[in-house]
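Good morning, and thank you for coming.

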Amino acid sequence: MFRLETIMRFSSVALAAALATVSLSASLGAQRPDDQIDARSLQLLEQGKAERAAGRYDAATDTLETAVAVDPRNRQAFVVLAQVAQARGLPGKAIRLYREALLLEPGDRQALKGQGDALVAKGAIAQAKVNLGKLKTLCKGPCPEAQALAAEIAKGPPITTAQVAQKDAPKPE
């Protein structure tokens with residue numbers, strides 16, 4: 001009786017552990033290495049870059065979103081999507097897209113610089129300075145991205161952002 005009860009207690013736990021091991025090994029075997037981005041996604045990225053260069057931002061956005069859907073590890077597609085968002089005057093969306101790229105590669109200097117620019121455009125100078133610090137840490141010598149971001153921070157947010165911030169500020173009584 002004792003032996004049957006022991007078997008019944010531990011058999012469900014052992015079965016669950018075995019199933020978890022099998023499913024984990026099967027899912028890991030199906031993944032591609034990070035450096036092998038789907039060729040269709042890369043082709044769509046190039047098409048999206050061409051559309052952005054031609055000023056067709058809606059078409060570029062659609063194409064680049066498709067590139068990300070085909071392969072969500074396509075970091076460069078996130079960066080170019082963010083650049084399109086900035087060109088359309090959407091710094092908040094650009095910040096989010098750069099964050100997606102930085103989740104894939106935290107040391108992406110282009111994404112750090114672009115996000116810093118978008119943060120400045122949004123008026124978040126302190127956060128842009130954090131990105132500048134990260135860039136300076138990544139660069140061991142002269143760094144064009146860090147220099148460009150430092151210049152953007154020194155220039156400050158656009159006048160429209162500064163005026164909105166002043167309107168919303170409490171008025172002294």
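Predicted model: local features only at pLDDT ≥ 70, side-chain atom pairs only at ≥ 80, totals over all residues.

Residues are numbered from 1 along each chain as its sequence is written, and side-chain values use heavy atoms, with hydrogens and water left out.

Let us take the core. A nonpolar core here is a set of buried Ala, Val, Leu, Ile, Met, Phe, Trp, Tyr and Cys residues joined through side-chain atoms within 4.5 Å. Buried means under 20% relative accessible area, exposed over 50%, and partly exposed in between, with a 1.4 Å probe and protein chains only. The largest such core has 34 residues, and Leu64, Ala94, Leu97, Tyr98, Ala111 and Ile153 have the most contacts inside it. Two or more residues each come from helices H2 (39–53), H3 (57–70), H4 (75–87), H5 (91–104), H6 (109–122), H7 and H8 (144–155); helices are DSSP runs of H or I, at least four residues, numbered from the N terminus. H4 gives the largest share, 8 residues.

Setting aside residues up to four places away in sequence, Tyr98 touches Val79, Ala82, Gln83, Gln86, Gln110, Ala111, Gly114 and Gln115, where contact means heavy atoms within 4.5 Å.

What does Thr63 contact beyond its neighbours within four places in sequence? The partners are Leu44, Gln47, Gly48 and Glu51. Thr63 belongs to helix H3 and counts as buried because its relative accessibility is 10%. A polar atom of its side chain lies 2.9 Å from the backbone oxygen of Ala59.

Finally, the charged pairs. A salt bridge is a side-chain nitrogen of Lys or Arg within 4 Å of a carboxyl oxygen of Asp or Glu, and the whole structure contains 8. One of them joins Asp38 to Arg40, with closest N and O atoms 3.0 Å apart; Asp38 is buried at 13%, whereas Arg40 is exposed at 52%. Another links Asp71 and Arg73 at 3.2 Å, N to O. Asp71 is buried, at 1%, and Arg73 is partly exposed, at 22%. In helix H8, Lys155 and Glu152 lie 3 residues apart, about one turn of the helix, and their side chains form a salt bridge at 3.7 Å, N to O.

Notes. Polar contact = N/O pair within 3.5 Å; in protein donor to acceptor, adjacent residues only side chain to side chain.
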